[in-house]
Amino acid sequence: MTTPRKVYLETLGCQMNFNDSEVMLGLLQKEGFEPVENKLDADLLIVNTCQIRGSAEDKAFSHLGTWGKLKAKNPKIKIAMAGCVAQQTKDGIFKRAPYVDIVFGTQNIHELPELVRRAFEGNNRVLAVDRQKPRNTYDYLTDVAPRRENDISAWVTIIEGCDYFCTYCVVPYTRGRQISRTPESIIREVFQLAAQGFKEITLLGQTVDSYGKDFTDRHYGLAELLYELHEIEGIERIRFMTSHPLDLTDRIIDAVAELPKVMEYIHIPMQAGDDEILARMRRGYTSQQYYDLVRKIYDRVPNAAVSGDYIVGFPGETDAQFQRTVESVALSGIHNANSAAYSPRKQTPAAFWELHGEEIPEAVKEERLQILIEAIRAQSLKKNQGYLNCEVEVLVEGKSKRNPNRLTGRTRSNKVVNFETSLSEDALVGQLIQVKIQEALPFSLIGQMVLPAELSQSAVLSGAVAP
Ligand code: SAH
Ligand code: SF4
Ligand code: F3S
């Protein structure tokens, strides 16, 4: 391509999608594209989509609708749809939104430069949604510099797809079967990140603790990877998410307990508190097994925080079954959870049950969701109150969005901490510091930075102290 072009990218969905978008922008920058903040400036518009619930899918099409109108005024614009909706709907996208030029799937990201070239040169529609690949997408991307959101904390996708096929979930259809990325490729990327000054990495996967189960040439899992990554100098914090309760082995828990750089935070969704619903969701564990697992984590890693996800209004869920989900929040001892109303997804067994008489009315789903959110809020507040008057280690990220007089960061257990300090943002971003917690809110902590005597002295001398 001769003239540099401008690309606008909108991302919906989970962290894996955000990481994929960073890679897409990295690939396009190599082709001479410049990322822009304003869609009106762009020659290429991309929406990276999520299909987990109907609302996410609607958002994708609403962006396309707006962009279709832009294209009516400026036909030279090219519009692309990526991600999970593209993967599942395939050329159906062209029927629903005829102004779309490129549809590419979750495992075709490495082909993006070629697809874009074809769209701009040939003026034809381009479709790439096949999944005939023998390797993990990220194994194809050896010399790409993803365009990272910030320069402290980076996402690193280590496993794609999912083999679980929970009865409500679309992910195995949109992301395909589980494919782990080779440790060599992951370690290479993390060395690069360390050399670039990144301090924290988050290993990503829909079932990140299943990492390595699909290798046929070696016995190597998440625990082994954590031990290897821990040796990389410069990286100070390692996180991983999302874990599946069935794959969180003792070896992984040991790695969290033993490795100082591996954070004491495990996101491991329970989804429901009732055994019959869990069985119908095909989760593979009972509520008691989940409680035992969380207890084991807390026994082995006393400072750990476990968080989760829940679905309410699953087909056929009775009031009593829902009540067991509410009770599970406190019984399990989790620190926090995401929750959502069940949304029927094409191809999944639960959507069939919903269609055949087991649908929970929207109003009931909404009412249950509010009750659950309240229970989670109370539990999270209770857990956060446990931090009062404690000193915690925080990795500083920048200014707080709500209160520019405060800086913000996260504890090892992934709690957001907003804190006051006399030091400037520039002096602290990317640093690990100690904060004394003075106030606990349901979803964040407020504190004061504890200034070590020598830092206080040198900061004053170097002029880093804010006026
Ligand atoms: N792999 C993770 C979850 C990935 S999807 C796990 O197994 O726990 C992220 C979250 O979206 C899920 O935890 C679930 O709570 C929610 N979710 C998935 N499908 C859904 C659906 N059909 N309706 C509502 N929420 C859903
Ligand atoms: Fe979906 Fe997670 Fe179940 Fe996989 S394990 S099917 S991603 S909910
Ligand atoms: Fe959504 Fe796909 Fe992630 S469906 S949650 S973007 S894997």
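A polar contact is a pair of N or O atoms within 3.5 Å; within protein, one atom must be able to donate a hydrogen and the other to accept it, and residues adjacent in sequence count only if both atoms are side-chain atoms. An oxygen atom of ligand 1 meets this cut-off, lying 2.5 Å from a side-chain N or O atom of Asp-309. The model is predicted, so local features need pLDDT of at least 70 and side-chain atom pairs pLDDT 80 or more, whereas totals for chains, interfaces and linings use all residues. Residues are numbered from 1 along each chain as its sequence is written, ligands are numbered from 1 in the order in which they are written, and side-chain values use heavy atoms, with hydrogens and water left out.

**Ligand 1**
- A polar side-chain atom of Arg-283 is 2.9 Å from an oxygen atom of ligand 1, and a backbone N or O atom of Gln-206 is 2.7 Å from a nitrogen atom of this ligand.
- Taken alone, ligand 1 exposes 540 Å², of which the protein buries 90% (Shrake-Rupley method, 1.4 Å probe).
- Around ligand 1 there are 15 residues, and those that come nearest are Gln-206, Gln-271, Arg-283, Asp-309 and Ser-343 (a residue counts if one of its heavy atoms lies within 4 Å).
- This shell has 6 nonpolar, 5 polar and 4 charged residues (Ala, Val, Leu, Ile, Met, Phe, Trp, Tyr, Cys and Pro count as nonpolar, Asp, Glu, Lys and Arg as charged, and the others, Gly among them, as polar).

**Ligand 2**
- The residues around ligand 2 include Cys-162, Cys-166, Cys-169, Gln-206 and Arg-283.
- By class, the shell of ligand 2 has 8 nonpolar, 3 polar and 1 charged residues.
- Phe-165, also among the residues around ligand 2, has a positive phi near 55 degrees and lies in the loop between β8 (159-160) and α6 (171-174).

**Second largest pocket**
- The lining of the second largest pocket comprises 16 residues, with Leu-9, Leu-25, Glu-37, Arg-147 and Glu-149 nearest its centre.
- By class, the lining has 8 nonpolar, 2 polar and 6 charged residues.
- Domain 1 (6-128) and domain 2 (135-385) each give at least three residues to this lining (bounds from an automatic or database domain assignment).

**Backbone geometry**
- Met-241 and Thr-242 are joined by a cis peptide bond with omega about 5 degrees.
- Most peptide bonds are trans, and most residues other than glycine have a negative phi.

Key:
1 Å grid on protein atoms, 1.4 Å probe; cavity = no way out; pocket = protein on both sides within 12 Å on 5 of 7 lines; lining within 4 Å. Helix = DSSP H or I, 4+ residues; strand = E, 2+ residues; numbered from the N terminus.
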